[in-house]
Amino acid sequence: MLINDAHIWIAYFESEDALEEYMEEHYDEHDDDAPISKFAADQDESFYDHDLVYGQFHDSPNPRKLIEDWGFPEEAVAEVVAAVSRLNQPSANTCFVADKDEFSNPKSVKGNGYELWYVGQFKGCSM
């Protein structure tokens, strides 16, 4: 398995349904540049390969729980958990992982009922 670098965000969503709605893909047959999801729009991208971008909601998270379920090597988990802890966002209940090549300028964003905090790009954290 090839392990690449990945972008990681933590986020707060009001519910798992809200996360699913945020990630739901739509294609506009009249506008090829229309973002495929709210996540794509928030990251100023029109398209990403959904096989290389993941979001996971947790009911009772902590920094380690947000990261450990992805199956990254322990060294990578420790590095990301430390970075997430430094952000000090106790309301975060979601983690996003995206291959580094899917987003050119990843960023933190705040919307109606959600907020994403960009953690950074990390080695060994892509699926």
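Predicted model: local features only at pLDDT ≥ 70, side-chain atom pairs only at ≥ 80, totals over all residues.
Me: What makes Asp 44 and Lys 107 a salt bridge?

Reply: Their closest N and O atoms are 2.6 Å apart. The cut-off is within 4 Å, so the pair counts as a salt bridge. It links distant parts of the chain, 63 residues apart: Asp 44 sits in the loop between α2 and β2, and Lys 107 in the loop between β3 and β4.

Me: Why is Lys 107 called partly exposed?

Reply: Lys 107 has a relative accessible area of 28%. Buried is under 20% and exposed is over 50%, so a value in between makes Lys 107 partly exposed.

Me: Is Asp 42 buried or exposed, and how do you know?

Reply: Asp 42 is buried, because its relative accessibility is 11% and the limit for buried is under 20%. Its salt-bridge partner is Lys 38, with the closest N and O atoms 3.4 Å apart. Both residues lie in helix α2, four residues apart, about one turn of the helix. Lys 38, at 41%, counts as partly exposed.

Me: What does the pair of Glu 74 and Arg 64 tie together?

Reply: The two form a salt bridge, with the closest N and O atoms 2.8 Å apart. Glu 74 lies in helix α4 and Arg 64 in helix α3, so the pair ties together parts that are ten residues apart in sequence. Arg 64, Glu 68 and Glu 74 are linked in a network of salt bridges.

Definitions and conventions
Residues numbered from 1 in each chain as written. Heavy atoms only, no water. Salt bridge = Lys/Arg side-chain N within 4 Å of Asp/Glu carboxyl O. Helix = DSSP H or I, 4+ residues; strand = E, 2+ residues; numbered from the N terminus. Buried < 20%, exposed > 50% of the residue type's maximum accessible area, 1.4 Å probe, protein only.
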